[in-house]
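User: I have a model to go through with you. Please start with a term we will need, then take my questions as they come.

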Amino acid sequence: MLKKSKRLMVVASFFLVFALVFTAAAQAEVKNVILMVGDGLGIGQIDMARYMAGDKDHELEIMKMPNVGLMMTSSTEGVTDSAAAGTAMATGHKVYNGAVGMNKNGAELDSVLDFAEVRKKATGVISTNTVTDATPASFTASVKDRGMGAEIARQILNNDVEVVLGGGREDFMEEEAGEDLIAKAKEMGYQYVSDKEQLERVIPMNGKVLGLFNDSYMNYIQDRDEVGSKEPSLLEMTTKAIDVLSEDEDGFFLMAEGARIDHAAHAADVPGVVAETLDFDASVKYAVDWAKEHKDTMVVVVADHETLGFSVTEPVNKEALMNIKVSPEYMAGKLVETKAGNAYTVDSIQSVFKEYANIDLTEAEAREFNSNIVNKDDGSVYYQYKVGWQIGSVIAAKNNVGVVSADIRAKSDTGGHTLNSVPIFAFGPGSKNFNGVMQNTEFSDLLFDSMRP
Ligand SMILES: [Mg+2]
Ligand SMILES: [Zn+2]
């Protein structure tokens with residue numbers, strides 16, 4: 001009896017060792033890497049989205065991923081912007097705010113996407129911002145300032161990035177770039193698409209795709225019906241990108257960004273953060289489900305930094321907030337300027353707040369609002385998106401949202417980014433390495449390591 005059980009134990013441990021060795025070997029090889037970046041997606045934004053979309057105990061899909069870490073986000077200056085943050089994650093080097101894939105001496109820094117190219121993998125970037133904006137650009141370009149959109153567009157094409165989907169058409173047009181980069185892309189073999197239906201029709205095996213769905217950044221999910229948008233969602237772009245990139249037998253690297261989470265967060269816009277985060281979350285779910293079928297695929301979810309210190313306060317007015325159906329930026333477009341052009345009419349301020357946010361502003365409050373949307377130097381009103389920030393802050397204050405105040409945001413060089421560490425969620429082979437607390441540069445090292453043989 002004893003003897004038999006002993007023999008069983010030996011056999012069992014043999015199989016256990018065999019299973020462990022086999023699993024380790026199977027996990028070593030990462031063929032495909034899908035990196036999902038929620039711009040400004042701190043734990044507060046995640047908790048806000050899950051609470052507003054469900055209840056206090058509701059979980060998002062990203063929270064079901066098995067491996068979790070924490071990432072510190074500083075740039076060389078302190079609180080980071082998205083350029084320095086993207087560069088740290090993409091290249092493993094901390095740089096100054098505004099720099100994209102370049103250090104202060106002007107040296108170009110190779111990104112993990114470049115490394116994937118060297119390893120013959122197909123590569124792609126997706127963003128709901130412009131494809132030339134700081135986050136995707138950190139992976140595809142090297143420039144000293146994030147504002148150099150047309151140069152970034154040129155480098156994207158020259159670097160042979162196979163799938164490029166998002167906003168930013170302007171940067172590819174002759175007026176901005178000095179040459180027609182869309183025509184050039186077509187000559188280089190890209191299929192060019194500009195709306196959701198054309199994207200759906202793209203045939204994966206034809207290889208390279210350039211999809212530019214807006215002149216500037218893509219519309220907020222919240223505003224798409226209002227403006228008659230034909231833009232694809234992040235989920236639709238992610239699905240198509242994986243279809244196309246997975247045709248490459250050497251594997252692929254894809255960076256997909258939910259960029260407007262950050263924009264909504266700057267505006268203290270709770271329903272906006274929720275809608276953008278849910279689109280992001282659905283994209284992550286798609287990627288993880290795909291990775292479950294393709295076991296050599298690693299999915300990593302992270303934020304570049306946190307924006308505006310979001311938290312779910314106990315008196316937050318969930319119902320009022322979730323009844324708001326457009327973004328503050330959209331509301332800003334409905335305000336009427338006074339004849340002098342240095343303020344909005346009190347009437348239009350009151351009616352916009354009433355119509356879109358069900359808030360009754362007093363005349364005094366409307367005048368107070370006007371005092372916060374004027375450039376101090378020339379007396380003109382702010383850009384529409386920045387007027388939106390002020391609208392969003394009034395709505396947030398009226399509904400007890402936990403966010404950095406408009407006063408602190410006005411003093412902030414990054415418009416309200418914070419030093420809050422951000423969560424990392426990971427799935428698939430190699431994903432166990434993304435445990436513990438790490439620097440954004442160490443996070444980058446792990447991405448590079450995952451693609452080493
Ligand atoms: Mg970004
Ligand atoms: Zn931001």
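Analyst: A salt bridge here is a side-chain nitrogen of Lys or Arg within 4 Å of a carboxyl oxygen of Asp or Glu. This is a predicted model, in which local features need pLDDT of at least 70 and side-chain atom pairs count only at pLDDT 80 or more, while totals for chains, interfaces and linings use all residues. Residues are numbered from 1 along each chain as its sequence is written, chains are lettered from A and ligands numbered from 1 in the order in which they are written, and side-chain values use heavy atoms, with hydrogens and water left out.

User: How many salt bridges in the whole structure?

Analyst: The search finds 17. One of the pairs is Glu-329 with Arg-260, whose side chains meet at 3.4 Å, N to O. Glu-329 sits in helix α14 (residues 328-332) and Arg-260 in helix α11, so this pair ties together parts 69 residues apart in sequence. Helices (H or I, at least four residues) and strands (E, at least two) are DSSP runs, numbered from the N terminus.

User: Are Glu-329 and Arg-260 buried or exposed?

Analyst: Glu-329 counts as buried at 16% relative accessibility, and Arg-260 counts as buried at 2%. Buried means under 20% relative accessible area, exposed over 50%, and partly exposed in between (1.4 Å probe, protein chains only).

User: What does Glu-231 pair with?

Analyst: Glu-231 meets Arg-224 in a salt bridge at 3.9 Å, N to O. Both of these residues are buried.

User: And Glu-363, which residue does it bridge to?

Analyst: Arg-367, with the closest N and O atoms 3.3 Å apart. Both lie in helix α16 (residues 363-370), 4 residues apart, which is about one turn of the helix. Glu-363 is partly exposed at 46% relative accessibility, and Arg-367 is partly exposed too, with a relative accessible area of 49%.

User: Which residues are linked in a network of salt bridges?

Analyst: Asp-81, Asp-133 and Arg-146 are linked that way.

User: Switching to metals. What coordinates the zinc ion?

Analyst: Asp-262 (OD), Asp-262 (OD), His-266 (NE2) and His-417 (NE2) coordinate the zinc ion (ligand 2), at 2.1 to 2.3 Å. Donors are N, O and S atoms within 2.8 Å of the metal (3.2 Å for Na, K and Ca); water is not among the atoms, so sites may look incomplete. Along the chain, the zinc donors follow the spacing D-x3-H-x150-H. His-266 lies in helix α11 (residues 260-266) and His-417 in strand β10 (residues 417-418), so the two tie together parts 151 residues apart in sequence.

User: His-266 and His-417, buried or exposed?

Analyst: His-266 is buried, with a relative accessible area of 6%. His-417 counts as buried at 11% relative accessibility.

User: Which residues coordinate the magnesium ion?

Analyst: The magnesium ion (ligand 1) is coordinated by Asp-39 (OD), Thr-135 (OG1) and Glu-257 (OE), at 2.0 to 2.2 Å. These donor residues are spaced D-x95-T-x121-E in sequence. Thr-135 is in helix α5 (residues 134-140) and Glu-257 in strand β7 (residues 252-258), so the pair ties together parts 122 residues apart in sequence. Thr-135 is buried, with a relative accessible area of 0%, and Glu-257 is buried with a relative accessible area of 0%.

User: Backbone now. What is the phi of Lys-120, and of Ala-268?

Analyst: Lys-120 has a phi near 70°, a positive value in a residue other than glycine. Lys-120 is in the loop between α4 (112-118) and β3 (122-130), and is exposed, with a relative accessible area of 58%. Ala-268 has a positive phi of about 55° although it is not a glycine. Its place is in the loop between α11 and α12 (270-293), and Ala-268 is buried, with a relative accessible area of 4%. Most residues other than glycine have a negative phi.

User: Last one. How many helices and strands in the chain?

Analyst: The protein chain has 19 helices and 12 strands. Of its 453 residues, 54% count as buried. Along the principal axes, the C-alpha trace spans about 90 × 60 × 45 Å.
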